[in-house]
Amino acid sequence: MRVLGIDYGDSRIGVAVSDEGGKLAFDLCVIDATKGRKYAVSELLQLMDKYAATTLVIGLPTNMNGTKGDRVVKTEKFAKALKEASPDIEIIFEDERLTTKYADRLMLESGKHQKQKGVSDKLAAMIILQGYLDRSKL
């Protein structure tokens, strides 16, 4: 069974997918969030259908001190819209603190010195999903 993971943002939503065994996460694509919530929800549901995924892991951007800020509220609203559009989806929130910084560092270490739009978003989604997969196998 595959699992999808996302790094939700106002401009872009990074998407990752697991292998069929649910052990490894791979970066998949970026959804243009500027086209609106309805568009983004539709795109994600199509991807979930394509990969036969029933679980979606969403990075929750809590503050470094563990409190919830404006980004958490926006992410939770997006998750609610997904759940309303497809009630059978299992949504799991995963702490995403520092994932974008880690993704940027991975890009730098791999020789990609300039930040390419969407690349760090996909990598952040992959890191979020891999964290969940690793934790769920313990």
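Rings of Phe, Tyr and Trp (its six-membered ring) pair if their centres lie within 6.5 Å; planes under 30 degrees apart count as stacked, over 60 as edge-to-face and the rest as tilted. Select Tyr-8 and Phe-78. Their ring centres are 4.5 Å apart and their planes meet at 25°, so this pair is stacked. The pair joins distant parts of the chain: Tyr-8 sits in the loop between strand 1 and strand 2, Phe-78 sits in helix 2 (residues 70-85), and 70 residues separate them. Helices (H or I, at least four residues) and strands (E, at least two) are DSSP runs, numbered from the N terminus.

**Before you go on.** This is a predicted model: local features need pLDDT of at least 70, side-chain atom pairs count only at pLDDT 80 or more, and totals for chains, interfaces and linings use all residues. Residues are numbered from 1 along each chain as its sequence is written, and side-chain values use heavy atoms, with hydrogens and water left out.

**Stop 1: the whole chain.** Show the cartoon. From the N terminus, the elements run β-β-β-α-β-α-β-α-α. Of the 138 residues, 43% are buried. Buried means under 20% relative accessible area, exposed over 50%, and partly exposed in between (1.4 Å probe, protein chains only). Tyr-8 and Phe-78 are both buried. The accessible surface comes to about 7800 Å², and 51% of it belongs to carbon and sulfur atoms. Such areas come from the Shrake-Rupley method with a 1.4 Å probe; for residues, only the protein chains shown count as cover.

Stop 2: What is the order of the strands in the open sheet? The order of the 5 strands is 3-2-1-4-5, and the pairing is mixed. Two strands pair if DSSP finds at least two bridges between them. Go to the edges. Strand 3 (25-32) and strand 5 each have a single partner strand, so one side of each is left without a neighbour in the sheet. From one strand to the next, the twist averages 25°. Axes are lines fitted to C-alpha atoms, for helices over the stretch in contact, and angles run from 0 to 180 degrees between N-to-C directions.

Bring back helix 1 (residues 37-50). Helix 1 packs on the sheet and touches strand 1, strand 2, strand 3 and strand 4. The direction of helix 1 makes about 150° with that of strand 3. Contact means heavy atoms within 4.5 Å. Helix 4 lies across strand 1, strand 2, strand 3, strand 4 and strand 5, at about 40° to strand 2.

**Stop 3: strand 1.** Select residues 3-7. Strand 4 (residues 55-60) pairs with strand 1 in the parallel sense over 4 bridges. Strand 2 (residues 12-18) pairs with strand 1 in the antiparallel sense, also over 4 bridges. Click Gly-5. Its bridge partner in strand 4 is Val-57, and in strand 2 Gly-5 stands opposite Ala-16. Strand 1 and strand 2 form a hairpin, with 4 residues between them.

**Stop 4: helix 2.** Select residues 70-85. The end C-alpha atoms of helix 2 are 23 Å apart, which agrees with the 22 Å that its 16 residues should span. The expected span is 1.5 Å times one less than the number of residues. Which residues of helix 2 are buried? They are Val-72, Thr-75, Phe-78, Ala-79, Ala-81 and Leu-82. These buried residues pack against strand 1, strand 2, helix 1, strand 4 and strand 5.

Zoom in on Thr-75. This residue is buried, at 1% relative accessible area. Setting aside residues up to four places away in sequence, Thr-75 touches Tyr-8, Ile-58, Gly-59, Leu-60, Pro-61 and Phe-93.

**Stop 5: Glu-96.** Move to the loop between strand 5 (90-95) and helix 3 (99-109), where Glu-96 is found. Is Glu-96 buried or exposed? Glu-96 counts as buried, because its relative accessibility is 11%. Leaving aside neighbours within four places in sequence, Glu-96 is in contact with Asp-7, Gly-59, Leu-60, Pro-61 and Ile-128. Draw a distance from Glu-96 to Ile-58: the two are 38 residues apart in sequence and 8.6 Å apart in space, C-alpha to C-alpha.
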